[in-house]
There are 2 protein chains.
Amino acid sequence: MTDALSTTFAALADPTRRAILARLSSGDATVGELAEPFELSLPAISKHLTVLEKAGLITKSRDGQRRHCRISVAPLKDATSWLELYRQHWEQQFDNLGDYLATIHEPPADGRGTRSTAPKENPS
Amino acid sequence: MTDALSTTFAALADPTRRAILARLSSGDATVGELAEPFELSLPAISKHLTVLEKAGLITKSRDGQRRHCRISVAPLKDATSWLELYRQHWEQQFDNLGDYLATIHEPPADGRGTRSTAPKENPS
DNA sequence: TGGCTAATTATCCGTTAGGTTAACAACGTG
DNA sequence: CACGTTGTTAACCTAACGGATAATTAGCCA
């Protein structure tokens, strides 16, 4: 699991870390401020922040005793790009639902060609 | 890690599983067909498929001796929805880059109001 | 300097992930 | 029925995850 995309998804696969990102999306915060809403110990939060930092999802900057954390969305963008490859896939699934609903109200007209469902590129 | 979103992201945090999804995005396949491109053992692939199935990302149907696997993109859609909450965030980051570049070529006109960077809803 | 505050690092612990090989189950076909 | 094919399940291993507490580092301030 050394690739960036895996690291990003792994970082997002934890509700605490997603909540931290959500918090940071409305502005920078210190470690203590980020820890406050949770019942976890401070070291636990610190670990989560380390995971987020290694995934490139946040950056930490020192300010006296405090560390200011800032969200950094580039990996989120990459993750979204990967997921976008499948968007047409579920949009077509939705189309198929529409087609199905249509067959309820009117009989099938003729055999339409099956559209391709593949994303443009081969994702990894 | 009991929530659906965490399960989805965890399932995506593995390059083998993402490759399997990519393969399935261009059409259904049997377990053996899915295993073929990898150097992993068949049980290893079977485990990956179980993970994907529990995440709701694929469905398996029996066809004689074979199991046909089909991609099921609803969880991908949900994951995308979550990530979309941050889209404006990186679009604004891009805007800021544009602003910065603008300041290089022309002096600042006036103090524009700072736009909010927060997603519409509170993600979890 | 001493002490308070903020956060990280060091252990330690139980659970889960991801892989292996070997055994098993289920279906098709001679 | 016997046998090959297709997958899964069982048992096992190592490494990593997510948490705790205790100790440590680093900065502020009186």
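Trainee: In this predicted model, how many residues surround DNA strand C?

Mentor: A residue is included if its C-beta atom, placed from the backbone, lies within 6 Å of the strand. The closest are A:T30, A:G32, A:S46, B:S41 and B:G64. The number of residues surrounding DNA strand C is 22.

Trainee: Which element gives the most to the surface near DNA strand C?

Mentor: On chain A, α3 (31–35), α4 and β3 (66–71) each supply at least two residues of this surface, as does α4 (42–54) of chain B. By class, the surface has 8 nonpolar, 9 polar and 5 charged residues. The element that gives the most, with 5 residues, is α4(B).

Trainee: Are α2(A) and α4(A) roughly parallel or roughly perpendicular?

Mentor: The axes of helix α2 (residues 15–25) and helix α4 (residues 42–54) of chain A come within 10 Å and cross at roughly 75°. Angles of 65 to 115 degrees count as roughly perpendicular. Therefore α2(A) is, relative to α4(A), roughly perpendicular.

Trainee: Which residues of α4(A) make the contact with α2(A)?

Mentor: The residues of this contact divide into 3 nonpolar, 2 polar and 1 charged. From α2(A) come A:T16, A:R17 and A:I20. Their partners on α4(A) are A:H48, A:V51 and A:L52.

Trainee: How many nonpolar residues has the contact of α1(A) with α5(A)?

Mentor: Helix α1 (residues 4–12) and helix α5 (residues 74–84) of chain A pack at an angle of about 100°, with their axes 10 Å apart. The contact is made by A:A4, A:L5, A:T8 and A:F9 of α1(A) with A:P75, A:D78, A:A79 and A:W82 of α5(A). Besides 1 polar and 1 charged residue, the number of nonpolar residues is 6.

Notes:
Residues numbered from 1 in each chain as written. Chains lettered and ligands numbered in written order. Predicted model: local features only at pLDDT ≥ 70, side-chain atom pairs only at ≥ 80, totals over all residues. Axes fitted to C-alpha atoms, helices over the stretch in contact; angles between N-to-C directions. Helix = DSSP H or I, 4+ residues; strand = E, 2+ residues; numbered from the N terminus. Parallel < 35°, antiparallel > 145°, perpendicular 65-115°, else oblique. Contact = placed C-beta atoms within 7 Å. Nonpolar A, V, L, I, M, F, W, Y, C, P; charged D, E, K, R; others polar.
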